Amino acid sequence: MNEVQRAEAFYAHVSSGGRVEADDWMPDDYRAAVLKFVEMHANSELMGVLPEREWILRAPNLRRKLALTSKIQDEVGHAQLLYRVAEDLGKSRDAMLADLLAGKTKFHNVFHYPTRSWADVGIIAWLVDAAAIVSQQALRDSSYAPYARTMKKICWEESVHIMHGRDVVLTLMTGTDAQREMVQEALDRWWGPLMQMHGPPTDPATDRDLIWQIKSKGNEQLRQEFLAIYVPRIRELGLTIPDPELRHDEATGRWHYTEPDWDELRSVVTGHGPMSQERLEFRRFHRAETQWVRDAVLGAAA
């Protein structure tokens, strides 16, 4: 069997639902595609803690402070697990962190935006994590087996985060008028990034991540699942979704909505969001500040 035949057999294997382990042979373009996918996921977990971290010292009581701190620890742990999965594909953790800090690789759009009130903490943990877990649950069926296994642990912890976020939102919604207005104002700001989060629709016939089953569901399918589950839950709490075009078509079973601003999405994920550079600079500063620890533990070469 020559290289072409070997690659064809590999792609037939993954396209039919077969799994690939880290030490299995794989074509370079499959390896590169999985690495790019997992690396962005790891970057997003690492950068995603920064908007919430800003509220640890401003949490309203000790119970909220402990819950938020625990969630942030979980997210950093997810980044550690995912960078480990990515390392097996041939790129070192140092190289991945260097590319992230240099702005050469991406992280999810929602983590480029500022947090302005305690209600943002609830909306992020409830709805941003909900949009994420819709994607992550589908990744448990990824053709790259180490990634699929890692997602099982991450999904379990993310489900706890969603309950934490809903509890924050529910507490505010059953509070004062000012607290309810705070949640509505936060939802108004986050709805646009939430609708962009899964990305623009792709053609299943040309989307290699789908064909190779690195992911098992397309962007629009994920967005429809998020809307089907969470629009009723949002409305149940008395919140108004800031999209006059949002409606469910009973005949097709699909949700219609205002087309998200895809130009904004492309601009934000390439480092031009309102907090992109500030958050990257925060990471650069602390990477430099903690170099002495890596030198002490790993040796000067680290």
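Tutor: The side chain of His-78 makes a polar contact with the side chain of Glu-158 at 3.3 Å, a polar contact being a pair of N or O atoms within 3.5 Å in which, within protein, one atom must be able to donate a hydrogen and the other to accept it, and residues adjacent in sequence count only if both atoms are side-chain atoms. This is a predicted model, in which local features need pLDDT of at least 70 and side-chain atom pairs count only at pLDDT 80 or more, whereas totals for chains, interfaces and linings use all residues. Residues are numbered from 1 along each chain as its sequence is written, and side-chain values use heavy atoms, with hydrogens and water left out.

His-78 lies in helix 3, helices (H or I, at least four residues) and strands (E, at least two) being DSSP runs numbered from the N terminus. With a relative accessible area of 0%, His-78 is buried; the term means under 20% relative accessible area, while exposed means over 50% and partly exposed lies in between (1.4 Å probe, protein chains only). Leaving out residues up to four places away in sequence, His-78 touches Glu-45, Ile-154, Glu-157, Glu-158 and His-161, where contact means heavy atoms within 4.5 Å.

A second polar contact, at 2.9 Å, joins the side chains of Arg-287 and Asp-94. Arg-287 belongs to helix 11 (residues 276-289) and is partly exposed, at 24% relative accessible area. Besides Asp-94, the residues that Arg-287 touches beyond four places in sequence include Leu-97 and Leu-101; Leu-101 is 186 residues away from Arg-287 in sequence, yet the two C-alpha atoms are 9.2 Å apart.

Turning to charged pairs, the whole structure contains 24 salt bridges, each a side-chain nitrogen of Lys or Arg within 4 Å of a carboxyl oxygen of Asp or Glu. Glu-52, Lys-71, Glu-75 and Asp-129 are linked in a network of such bridges. Asp-207 pairs with Lys-215, the closest N and O atoms being 3.4 Å apart; Asp-207 is buried, at 10% relative accessibility, and Lys-215 is buried as well, at 11%. Arg-189 and Glu-185 meet at 2.7 Å, N to O, and because they are four residues apart in helix 7, about one helical turn separates them. Glu-185 itself is partly exposed, at 36% relative accessibility.

The largest nonpolar core has 83 residues, and those with the most contacts inside it include Trp-191, Phe-226 and Ile-234; such a core is a set of buried Ala, Val, Leu, Ile, Met, Phe, Trp, Tyr and Cys residues joined through side-chain atoms within 4.5 Å. Helix 3 (62-87), helix 5 (118-139) and helix 7 (177-196) are among the helices that each supply at least two residues of this core, and helix 5 gives the most, with 15 residues. Phe-226, apart from its neighbours within four places in sequence, is in contact with residues including Leu-127, Ala-130, Val-134 and Trp-191.

Val-297, in helix 12 (residues 291-298), is exposed, with a relative accessible area of 65%.
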